[in-house]
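Here is a short briefing to read alongside the sequence and the model. Have both at hand as you go through the points.

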Amino acid sequence: MSMWINRIDTHILPINFQYHAPKTLEEALKLLAEYGDEAKILSGGTDLLVKMKQRLIEPRHIISLRNLTELRGIREVEGGIHIGAATKLREIERSQIIAERLPLLHEAVKAIGSIQIRNMGTIGGNLCNASPAADSAVALMALGAELHAQSIEGERIIPIENFFKGPGATALKPVELLTAIRIPPPPENYGWAFRKIGRTSLDIATVNAAVLLTLRGGRIDLCRIALGAVAPTPVRAVRAEEHLRGREPTPELIQEASELVVEDISPITDVRGTAEYRVEASKALVRDALNLSIERAGGGGR
Amino acid sequence: MRQSFRFIGRSTPRMDGVAKVTGREIYASDIYLPDMLYARVLKSPYPHARVKHIDVSGAERLGAVVVTYRDVPDVVYCPRLVSTPEATYKDWRVLTGKPLYVGDPIAAVAAESEELAQRALEAIEVEFEVLEPSFDPLESMRPGKPLLHERIRYMGEEVEVENNIACTMEIEQGDVERGFEEADVVLEREYRTNRRYHCQLEPKTAVVRPEPGGGVTIWTTTQSIHNTRLLIHEIFGIPVGKINVVKTALGGAFGSSIQTNIVVPIAVALALKARKPVRLAYTREEDLHEHCAYQMIFRLKLGARRDGRLTAGSLEAILDIGAHQIQAYPLLGCLVGWWVSLYKLPNLRYVGKAVYTNKVPSCAMRGYGNPQITWAVESLMDELAEELGLDPLEFKLLNHVGLGDLFWGQGPTVKSIIKSSGVEELVRRGARLIGWDKRPKPGAQRGRYRRGIGFGRGFHTSSAGAPVPGTVVDYTGAMLKVNEDGTLDYVTAMMDCGGGTLTAHAKIIAEEIGVPLECVNIVRADTQTTLYDVCTHASRGVYAGGAAALQVAREVKRKLLELAARVLDAYPHALKIRPDEERGQGVIYVEGVEGREITIGELASMARHKNWGTIAAVASVRQGSCPPHFTAYFVEVEVDTETGKVRPIRVVAGADVGRVINPKLAEGQIHGGFAMGWSMALLEDTPYDPRSGDLLNKGFITDYKLPTARDLPPLEDFQVFFVETEEPTGPFGAKGLGEGALNPVAGAIANAIYNAIGVRFYELPITPDKILKALKGGERR
Ligand SMILES: Cc1cc2nc3c(=O)[nH]c(=O)nc-3n(C[C@H](O)[C@H](O)[C@H](O)COP(=O)(O)OP(=O)(O)OC[C@H]3O[C@@H](n4cnc5c(N)ncnc54)[C@H](O)[C@@H]3O)c2cc1C
């Protein structure tokens, strides 16, 4: 067995690395191209530094995004809302545009850590860290976001569905940087809800869930349900979505749909909760989120 | 008749408040000395092993000073010196070649920076022979299991350990079998508590400076500077006079620094070898591998007659103490003491066993076993009342140990008669405030959200004082001297763990003499300039420490009046002292004769000019009893039956702490006690990973959750009231509070959950997972 216990000293960063603070995006991409696998991007550092202190990763090069103002900010663009990858969570939480246009994201972001954490942490970091429990991820999945990745080779767009590959793993290549998140304009009169269960009110989710739906003629039309911390990546509850689509949202239907959630999740037992608990909690959260979404979509709810 | 006071009973800001909120208070970890080295500890990665080979040359090549288990004095000790030798087992060494838990210190390094020290640590090579561990006391006790300790020391002799049982205690009073036969209802249940971590703000730290002449100066996180000094003397043989432990502010402890923390002897060993100051500050992760609370398994049986009288009780307690004894034997005694002091048991039997396991050593944590046993007793009393068809409040009041009864303040050797009790009033008033009559019938609700009200009562001792010596040391020293401007220097070895203890002492002094509170200067003292104080623990700070403060204040006042009588040409007994806020000091005057007055400063200056000497007093005070302070909690909770989450709705908390010295701070203790109890009932535990043998959370605080303000009831739904009694033996009638503020909380919450959903839980913490499982099971039935 390793002497791992003797390798952590959280007073300091007990590893050697070189620190880079590029002034332009181009410079950053060049550094990435050069160091690739050996480099790690430093955005807010609230995940990265923890992992370095825990000796889970030992990057040789750290590339800080601190000087790259082009990676920050929120604006309305053609085709939706653009959020720079290095935008602070606190800025998103306080943004008028987000509160009005994407209240689902607003709520998910507000559920992340404490104010101190949100002052440091960024949305790009939350996604690229690829924790199955990332709070913004479920919201962005329900919103159908697209992620913009860039390398010296050029840009590509990754639908958020295809972004997460496992705990800590994303579709980004080592030379790629996430530059922005683009959220398409939500449909008219949509309903939404974000729900999170943690051990306390300041915790990584034991389970989180986001729902976005619309009603047409009293029936559920568009419907997206995303869950976190119940599979190796954030997941869509596709079976439940299908079951709901085109149907009238009766309490029985909601109940059935929430039971179907188990088909798309594969929770594990860890310090935050048992697998069995996560199954039960997922059903309860989805039921709650569906009811609230239907109510918000003008369907009266229950 | 109620006296009127100037300072006692009024809320005054704590005297260390400004320094603390502005970040200017000095804690042990703020001490940086010239030429200081930074230390790191090499910890065992195995829960049970033997070091076959250790090679430190790599570390030394980097320029580090290294000590291993082979370089430290061959002394087996107990890090806690509160009990007398008759009640102390010794099984510790500074560093070990036979680690007994993941995190057990094997070697240590010191280097010019923390970075270098860390690199040196990683350069040490160790080969282990891995031994079979056990993580459960029941398993550990099984014959044939590998022993953690084969021999330990007691009263200077070696004793053999059998089946990993560290120590035992048995007590029997009356005829238990007959008692249970006389009962109409007998209930027997098994309870299992959690293994909590203290989560005090300040991780353990020691800074040690070797002095010319072979001495050492020590700054450390401790609840007792004098016991730290005595232990270092015991281990290293340095003359006591050459060891100076300096008081620094303590960032909380909750009992985890009653014993001298392992960082101290390790830093001393390094400093002596390096001949340079050494600083050893634990990280949070290391701190989580340093101490935790005692986890207990109880088999508890109570019998009662139809009329509600308890006839008998039996308690079998198994304590999972981890790898070492810190105070396991005294705790076995305290545990039975807390048990028999809750409710009168005419016949009783107690068997307590403390068992070694390959886990982090357990030590006292706020309440010292009392929160654990009170949770079990308050739960079972609730159950028993229901069986008997009685209101739990009446049932408990009928049987409670109260005024005139014998109270076990610190085990079988520390007992005294209860002379003040507000129990009845606490229960009645609390019941009215919460609306006890309107509480739902258990299990009657059907909806998703179900609310319930629970009641728990309890107490804790105030000090380990007693009319006879016993096996617990308990006395305090104090010095008070008058300065030439009328201010006073108050010198005590007693630590303030953050509860405002020393502010209370200052209030007692200001009140007694009659000076403005600001005149009392709390001196930052050390072991060389103070009289012995045992420790700030056992809720004794105000009751026992305050008694010493009161005694020196009385003596100083007597001397002031004597001298003033000369100057003012009046009789001492005709003189009075009033605090003069304008002049910022006390004024001595002849009552009824105008103009015949002198400030304390003028008098002290005159004493200097006329060579009368310093006006001062010294006292070493032992309290002759251990009065319980009482608390009662009424808690309303709401259970979400779909997520299993429990939410606090309302709290009514009453306390009888004798005379209240500082209401705001006393209320703060209640709020803190509730938060800790809430956490104990629903959240905290430090489970182990059987594969690695390490804590499941590996020491990371991110996975040791405590409630935040948002998880607790809003202040307007948290009502605190005091039932003031006058404790005849306490300073101005005061008793303790710190621990009683916690003890009944988990029981009250467990009873509230039962009231809401009709399910009882026998294992802590009551997690959402367990609640959902139980509810599902219930529906199947
Ligand atoms: C106390 C505490 C509480 C927390 N609570 C929550 C919570 O409730 N919910 C939650 O979801 N998270 C929580 N977190 C985790 C963390 O704060 C968030 O995930 C945060 O959004 C991470 O952002 P960051 O900018 O700090 O990321 P960083 O730590 O800077 O980066 C995280 C990872 O992403 C990579 N990365 C960052 N930006 C980019 C980019 N533009 N392109 C490519 N790779 C990139 C980094 O290399 C690194 O691997 C908590 C953390 C702490 C310490």
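How many residues does the contact take from chain A and from chain B? The contact, meaning heavy atoms within 4.5 Å, takes 32 residues from chain A and 45 residues from chain B. Please keep in mind that this is a predicted model, where local features need pLDDT of at least 70, side-chain atom pairs count only at pLDDT 80 or more, and totals for chains, interfaces and linings use all residues. Residues are numbered from 1 along each chain as its sequence is written, chains are lettered from A and ligands numbered from 1 in the order in which they are written, and side-chain values use heavy atoms, with hydrogens and water left out.

**Between the chains**

- Chain A and chain B bury about 3200 Å² between them, with 56% of it on carbon and sulfur atoms; this is the accessible area (1.4 Å probe) lost on putting the two parts together, summed over both.
- Nine salt bridges are counted between chain A and chain B (a side-chain nitrogen of Lys or Arg within 4 Å of a carboxyl oxygen of Asp or Glu).
- One salt bridge joins the side chains of Arg55(A) and Glu122(B), at 2.8 Å from N to O.

**Around the ligand**

- Of the 30 residues around the ligand, Ile41(A), Gly44(A), Thr46(A), Asp47(A) and Thr122(A) come nearest (a residue is near if one of its heavy atoms lies within 4 Å).
- A backbone N or O atom of Ser43(A) lies 2.8 Å from an oxygen atom of the ligand, and one of Gly113(A) lies 2.9 Å from a ligand oxygen atom.

Terms used:
A polar contact is a pair of N or O atoms within 3.5 Å; within protein, one must be able to donate a hydrogen and the other to accept it, and residues adjacent in sequence count only if both atoms are side-chain atoms.
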